[in-house]
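Have the model open while you read.

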Amino acid sequence: MTKKNSNSNSNTIDIENSNGLHRKILTANEIKTRLKENTWFLDGVTPYLNKMLDLLDEDRLILFLTDAEGCILHIVTSEKVSEILTQKFMIPGSFPQPNTVLFDAIDNVLKTHQGEKMLTGNAPIDNLLGNWICWAYPICIHPNQISGTLALCIPEQSASNPLQALLCQTVNCIKQELSYLEEKKKAAKLIDQQVNLFNRYAHADVIVDKSGKILLVSNEACLMLGISRSEIEQKSITKFIPSWAAITYTDGKWAEVENIEVEISHVPNSGLYLLNSKAISRTSNRIEEQVYTIRSLKHVLNETNKYMGNTARVWFDDLLGTSPQLKRVVKEAKAIAQTNLPVMLLGEKHTGRLAIAQAIHNHSSRSDFGFIQVNVNAMSSEKLEEVLWGYTESGKANPRKTPKPGAFEFANGGTLYINEIGLLSPSVQDKIFDVIQSGKVSRLGSPIKTSVDVRVICTSSIDLSQKIEAGEFRIDLFYALSSASLRIPPLRERRPDIPLLLNHYLAIKAKELDMKKLEIPKKIMLILRRYEWPENFKELVELSQRIILDKGNMFKTFKNERDFKRRNLYLEQLKEVESVTSLEEHEKELIVKAYHAFDGSISKASRRLGISRNTLYLKLKKYGIDA
């Protein structure tokens, strides 16, 4: 009886015979789909079938591998027999021909789930003459569930017990192999589930067992370290963190750690990282596995920069002025900002070099990272080295518990601003040049070299050429730092900008002091525009504050321009004059101090001061002190 398969849109036809086995005629697409679905099955079985054929060296031996429905998935035989089978369409994707020993053997196996010890009957196809023997065995990975069958067809005269035993052994090996492959598939699926769960959060996590073997790595960790999962999983963590055991084992016990600095090596992004660990598996109160969370020290320090104020707050739009000199500086600085070259800002003190440096940083690709300021003039050579390179516990005369990163590490990815580079000592010059050349720094007391990507912007208000001629400044360091140089003009070269700048700082100081902002009379503004401003912005800002505090009285009490300048400008000189006390005040201070030091004894005090008793008595009366 022939019937159309109602469950398919294809031309599949089922032919039912007396044995109850359905012989399906498959379309080309159905054959392709079936073989694809059984790829894992074929991959596990085929090597054993090929090996068996090699051992037997039998021209007419045929091995048939079928799926659980009896569809032939693979045929192993000689080239001669294979050609005959192909001519009769006995190929992968077909079913055994009815009324053959192959058909009967597979039919019995599928119905009974037991191996067919021996069947004698017609050849697998009519082109092969004589009686044939067929042994068929089920391939079961799970009890009562057939994954397929393996059948051996051979002319009756070639059959033997050793041959059957070899077939049985091959089937057993295949079952073990398929069981292993299935477990492997389950494990891979479980790992995929773990990885998906692991990667749900954007953390750089690594799972490590107590022997130090890396079990699982998150995508974020692979991305951070610049390494693929296959290159790190199942490896020993000591390959990547040599100090792992010393850090995580305390008194022989595997302990959790928090924010420990570690050096990670043998990865593209080697360097210093922060390590935290938490137990995720415990057996009898013992830690079996830990999850390590790593964070790039570069990014940790950059986050710290935001809280410490190590950021640039000035943009080019914040620079006030319309003078041609300022426009030239801004144009050149914007061009420099698009490069990664070190920058030398030349010019007098207090001309706005820091503001220009911050604007360059904010206009560059480094704007998301820190802007670190170091003032050479404000510290000793030893202190400067600590600030620039940081230190470890052993890197200081008085050890500290916590190591400290230096300015180069804080500026990693961003900009390091060094003010007055010409004041560097020779030893510090050597170390800075080494950092520029190698791109690596090591903290004081540490052999570890950390890669840093830092742009150096430095300033100098002194003539470095004279320092170079005197052998006090390295010429190669000068050229390395001045790949791009920019001269910042003093205020006397920016006279058109003076009114705008003064009004700007008057408004700021009035707000700071909670006082009324004053307008500068035109005649005073003309005087200020002609002024030389020897202290540049420092003097301009201080004058703005004096004007606000003075409430503008200085604009009324002067005779001429020279008198106004003498009274109100050259502020550094004015401060020195104001700081000088009168001779009389100084004398009073000494007499009072001596009198009280000797508990009111005029004799002792007069001898100490080198004056007579009578003179001291009169002086005390003069200054209102009862003797």
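The largest pocket has 30 residues along its lining, and nearest its centre you'll find Thr351, Gly352, Arg353, Leu354 and Ala355. Keep in mind that this is a predicted model. The volume of this pocket comes to about 640 Å³.

**What builds the largest pocket**
- Helix α10 (353–362) is among the elements that each put at least two residues into the lining, and α10 gives the most, with five residues.
- The other elements supplying at least two residues each are α9 (324–337), β17 (371–375), β20 (415–419) and α16 (498–512).
- Sorted by class, the lining comes out as 16 nonpolar, nine polar and five charged residues.

**The second largest pocket**
- This one has a volume of about 510 Å³.
- Its lining is made of 26 residues, and Ile260, Glu261, Val262, Pro403 and Arg443 sit closest to the centre.
- At least two lining residues come from each of β13 (260–264), β14 (271–283), α8 (297–308) and α12 (407–410).

- What kind of residues make up the lining of the largest cavity, by class? Ten are nonpolar, with no polar and no charged residues.
- Those lining residues are Val206, Ile214, Leu225, Ile232, Ile237, Phe240, Ile241, Ile264, Tyr292 and Ile294.

Technical notes. Residues are numbered from 1 along each chain as its sequence is written. This is a predicted model: local features need pLDDT of at least 70, side-chain atom pairs count only at pLDDT 80 or more; totals for chains, interfaces and linings use all residues. Side-chain values use heavy atoms; hydrogens and water are left out. On a 1 Å grid over the protein atoms alone, a cavity is a set of points where a 1.4 Å probe fits but cannot get out, and a pocket is an open set with protein on both sides within 12 Å along at least five of seven lines; lining residues have an atom within 4 Å of a point. Ala, Val, Leu, Ile, Met, Phe, Trp, Tyr, Cys and Pro count as nonpolar, Asp, Glu, Lys and Arg as charged, and the others, Gly among them, as polar. Grid points are joined across faces, edges and corners, and a volume is the space filled by probe spheres set on the points. Helices (H or I, at least four residues) and strands (E, at least two) are DSSP runs, numbered from the N terminus.
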